[in-house]
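Trainee: Could you take me closely through one part of this model, the place where the two chains meet?

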Protein chains: 2
Amino acid sequence: MSTWKDPQIAGVRALLAARRPDPDAPPPSAAQRRAAMDAVGEAAALPEGCRHEPCRVGGIKAERVIPKTARPGRTILYVHGGAYTAGSPRSHRPMVARIAEAAHATAVAIDYRLGPEHRFPAAVEDAVAAYRGLLDEGAEPGSLIVAGDSAGGGLALALALALKGEGLPQPAGYFVISPWADLTQGGASYRTKAETDPTISKEGLDQNARDYLGGLDPRDPLASPVFGDFEGVAPVLIQTGSEETLLSDSITMADVLAHARVEVRLEVWPEMIHVFQAWGAILHAARRAIGLAGAWMDGRFER
Amino acid sequence: MSTWKDPQIAGVRALLAARRPDPDAPPPSAAQRRAAMDAVGEAAALPEGCRHEPCRVGGIKAERVIPKTARPGRTILYVHGGAYTAGSPRSHRPMVARIAEAAHATAVAIDYRLGPEHRFPAAVEDAVAAYRGLLDEGAEPGSLIVAGDSAGGGLALALALALKGEGLPQPAGYFVISPWADLTQGGASYRTKAETDPTISKEGLDQNARDYLGGLDPRDPLASPVFGDFEGVAPVLIQTGSEETLLSDSITMADVLAHARVEVRLEVWPEMIHVFQAWGAILHAARRAIGLAGAWMDGRFER
């Protein structure tokens with residue numbers, strides 16, 4: 001299928017195709033890849049009146065993003081995507097700002113340690129430290145939501161397991177976008193959606209998983225939450241695009257959570273691609289999805 | 001697990017246990033089973049001011065249920081559950097009334113033909129005839145939603161395929177509760193949820209499937225929609241309980257629909273049982289679920 005009913009997603013695909021690197025050029029270094037992602041994030045507009053400032057939380061470098069709509073006490077702990085090897089609060093700031101705005105909350109986006117310099121479970125440890133730091137600052141668990149996209153979606157779910165394991169209180173909920181939740185790349189969608197996913201391939205994620213895990217077991221539930229026992233964790237909202245090689249990770253996570261008696265809502269957005277919510281400037285669907293997630297978070301926050 | 005966080009679902013389970021028939025008594029006949037279901041539905045209260053009247057639509061016997069909130073032109077075509085061998089507009093009237101009230105619509109609940117007297121695809125033919133009848137009466141597809149529970153959820157999804165196959169316009173959406181969508185009983189939840197499902201067993205459904213299919217192939221997509229090609233059908237909302245032997249049918253349907261680029265929302269309600277929405281008089285979760293489904297339908301109706 002090469003035609004799309006949504007003319008906007010066709011436009012996004014054209015943009016992505018135009019950006020595709022020269023196959024004969026040497027692949028960018030990790031530093032170059034990270035700088036390019038940051039540059040894209042820093043070039044995009046934020047919602048009107050949205051502020052951001054560097055901070056530390058539980059000893060972890062972070063960025064506080066404060067939309068005009070933020071209500072006192074409501075916090076989203078945001079863990080960015082980038083395959084555990086790239087991405088930052090800078091690269092993801094525009095989407096984080098829109099999510100925070102929709103949820104009437106302040107976001108705290110953390111600069112967790114990345115592979116290959118820092119292998120698993122450094123990222124999980126940093127997420128736990130940041131969550132614990134928010135509690136230490138006086139945040140009520142019921143006024144905290146953990147959110148993340150792609151690897152950050154997987155990391156948000158790993159954090160759910162880590163909090164359970166350490167006996168820490170659960171937040172009000174988890175909002176995960178296109179989570180990378182199975183680092184064995186075992187899902188059917190790597191086969192069924194390989195041709196229509198313009199950004200993510202099994203080969204790329206296999207390499208990213210090696211860089212993150214450094215030889216450790218990808219079946220560790222803190223690396224691949226699809227292998228975890230989630231009984232007792234807070235409700236989860238999963239949003240995914242229908243054209244993702246990672247589609248099966250979302251379906252399998254919904255199945256795993258459902259079996260464990262976790263309140264789950266899975267939304268599949270037709271024709272949409274990996275983390276389409278980041279294309280809010282172009283895609284009506286991105287704005288609608290963030291609006292629905294905002295309403296869900298609004299309903300979850302205890303104040 | 002024998003303790004439940006939700007005291008109301010524990011109460012429903014106690015009621016179901018008290019109702020369990022004497023294992024030494026002869027099993028009820030189909031007529032007795034149907035009469036008992038009708039009696040339960042007719043004994044329960046309807047929302048205040050809700051009217052109902054017999055009607056025919058496309059030649060199919062039906063019942064029109066008109067809540068006080070109904071807006072002109074909005075119609076829910078409702079296909080009841082009962083394993084394709086029992087159930088009726090009478091047995092399901094209280095839940096249908098609450099769903100219609102929440103969606104600000106009139107419901108038309110059809111008395112489609114049941115097995116074993118009328119085997120597959122009689123039920124599908126009746127659903128198509130009723131849908132066509134509503135169009136013939138002047139209904140706009142954008143102001144129609146098809147809804148159903150259990151076997152009726154499967155039948156609603158079979159209708160989606162049949163409408164596609166016959167080139168009829170799609171409705172505004174499908175709302176399916178705990179659908180029985182795989183008549184091979186192939187899902188993992190028949191094993192994983194056998195102990196916590198108080199009403200539905202694989203053995204029972206195997207018998208119901210034989211009664212409905214009369215030797216025909218359970219892998220026909222109009223009998224088991226999990227085997228269908230849904231590309232192009234209208235958005236689908238699936239609600240299911242986490243303690244259902246039919247849980248996997250909902251997860252698999254979400255997967256099948258997602259792969260086919262259909263807009264899907266899957267909600268899994270923790271600790272809840274098969275068609276828990278029918279227990280609105282007791283369960284807060286039932287009322288919340290119907291409320292959320294109503295809001296979803298409200299957003300889908302074009303007027």
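Mentor: Two strands are said to pair if DSSP finds at least two bridges between them, strands (E, at least two residues) and helices (H or I, at least four residues) being DSSP runs numbered from the N terminus. This is a predicted model, in which local features need pLDDT of at least 70 and side-chain atom pairs count only at pLDDT 80 or more, while totals for chains, interfaces and linings use all residues. Side-chain values use heavy atoms, with hydrogens and water left out, residues are numbered from 1 along each chain as its sequence is written, and chains are lettered from A in the order in which they are written.

Strand β8 of chain A (residues 264-269) runs antiparallel to β8(B), and five bridges join the two; within this pairing, Leu266(A) has Leu266(B) as its bridge partner. Of the area that chain B buries against chain A, Ile251(B), His259(B) and Arg261(B) supply 28%, more than any other three residues.

Arg261(B) also forms a salt bridge with Glu243(A), their closest N and O atoms lying 2.7 Å apart, and the count between the chains is two salt bridges (a side-chain nitrogen of Lys or Arg within 4 Å of a carboxyl oxygen of Asp or Glu).

Conventions. Buried area = accessible area lost by both parts, 1.4 Å probe.
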